[in-house]
Amino acid sequence: MRSLYFRITATFLLIVIISIGVAFLFTNQMFKRDARGQLPGQINSAIERIEQLYAVSDPASVDQYLQEMSKQLGQNIVAISVRGSLVTAGEGSEQLLNQINREQLSNVFNGYRVSINVNRTEENGPPAPFAIGKLVRLGNMNWALFVQPNRFPQNSNFLWTAVTLLATLLIVGSILILVAARYLVKPLKLMTSAARRMAEGDFTVRLSARRGDELGELADGMNKMAVSLSQLETMRQDFVSNVSHEIQSPLTSIGGFAEALRSEELTESERNRYVSIIKQESTRLSRLSENLLKLASLDSQQHPYHPESYRLDRQLRDVVLASEPHWVAKRLTVELMMEETVITADEDLISQVWFNLLANSMKFTPEDGNISFQLTERDGMAIIRISDTGIGIAEEDLERVFERFYKADVSRDRSQGGSGLGLSIAKKIIDIHGGTITVDQEADQTAGASFVIQLPLTPRLQSS
């Protein structure tokens, strides 16, 4: 019953019913008014005709003459002479006679025309037409002639009645439809206005979603869309700001040290140190550019994807061995606890995930710390847990660790050369393969970070 289809249908039927009812009542009153308006003229014509025909035909008996006229004209007739003679003709003449009083009779003999309301004897019968009394001369005697039609005239203008009925239907229906349309269109206008405001960049607009029909669902959807667009706009602004900042910082360093190299007073060691810094910042810019291109390629869903079967445990071992100089330099212990596991995936892309996660662990794990890799299979999924004994991730940062350029500690990350894109790239690659990557919140975060990656053993490409 909350469906918009039901409400529109019910509203239409209700409008039709109300319009027909109002039109019927109005037309019925018009019909009765027209019929009552014709009645006095018809009765007067009947009285004049009775008087004129009597004068022309000169019948032998008033009684027989009035009986014949009653049949021809369809009238109830009561005639009372000045001498007290009484003649009644017609089925309802006795009832009419009972309604005539002495005062009315006296007024007729004095030359006045009187009108008499006749009451029906039947309780549920239709209303009776009124009667008119008038003084007439029949032959050589004056008579008080009372005439009443058997029924209201039925010859009112059919065309006029039909036009009145249709016009009433049109007017009442139009008014009700306008009111109903205003009720139905008003939320649509509000939604149009809200959509226009969102198109202009105002994502703070909210619509009332208290209706239980499709319009309520649409309003709720637009509210959610406004929230999503607001979040996207915030992310876009943050992204532009972060990219600008990440690019400006090394460019400033490169420009400053390049200018310093112009000085002839620099020693050879200082010159070499400045050149080394310039090279380091250039490498940082190059790495940032590569990461941005990688993300853009992954987002476009056109990045080369070449799944093949290979040993995941061997890949993890190779990644750890390739990074050995870095974790050995910090005297870190790397543990590998892995089952022999074969998956079908893009080996180069998945390798990027392990390098990024291992680089993060090595970066934020202090000297003499531990990093562990655990690989198991369960329910058709390869489950990899990478844990370390580093500084961990604060609870308020858990929901945002995979956002682009997000850094829990900006100054700390920049000092270590991070751009905040490593985890974003890792998550994007895992999503493409139909897997998941999460931070294990049940682990003791004060003892380091723990990432859990689940990858399907067989291809399940996502179109994220």
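Predicted model: local features only at pLDDT ≥ 70, side-chain atom pairs only at ≥ 80, totals over all residues.
Biologist: How many residues does helix 2 have, and what distance does it reach from its first C-alpha to its last?

Modeller: The expected span of a helix is 1.5 Å times one less than its number of residues. Helix 2 (residues 62-73) has 12 residues and reaches 16 Å between its first and last C-alpha, close to the 16 Å expected.

Biologist: Which residues of helix 2 are buried, and why do they lie on the same side?

Modeller: An α-helix has 3.6 residues a turn, so residues three or four places apart point the same way. Buried means under 20% relative accessible area, exposed over 50% and partly exposed in between, with a 1.4 Å probe and protein chains only. In helix 2 the buried residues are Val 62, Tyr 65, Leu 66, Met 69, Ser 70 and Leu 73. They lie on the same side of helix 2 because they cover an arc of only 135° around the axis (the arc is that of the directions from the helix axis to the C-beta atoms). The face turned away from this buried side carries the exposed residues Gln 64 and Lys 71.

Biologist: Which residues touch the most other members of the largest nonpolar core?

Modeller: A nonpolar core is a set of buried Ala, Val, Leu, Ile, Met, Phe, Trp, Tyr and Cys residues joined through side-chain atoms within 4.5 Å. The largest one has 43 residues, and Leu 312, Trp 354, Leu 357, Ile 384, Phe 451 and Ile 453 touch the most other members. Its largest share, seven residues, comes from helix 10 (residues 347-364). Apart from it lies another core, of 22 residues, which includes Val 62 and Met 69.

Biologist: Is Asn 44 buried or exposed, and what is it in contact with?

Modeller: Asn 44, found in helix 1 (residues 4-57), counts as buried because its relative accessibility is 15%. Contact means heavy atoms within 4.5 Å, and, leaving aside neighbours within four places in sequence, Asn 44 is in contact with Arg 113 and Ile 132.

Note on methods. Residues numbered from 1 in each chain as written. Heavy atoms only, no water. Helix = DSSP H or I, 4+ residues; strand = E, 2+ residues; numbered from the N terminus.
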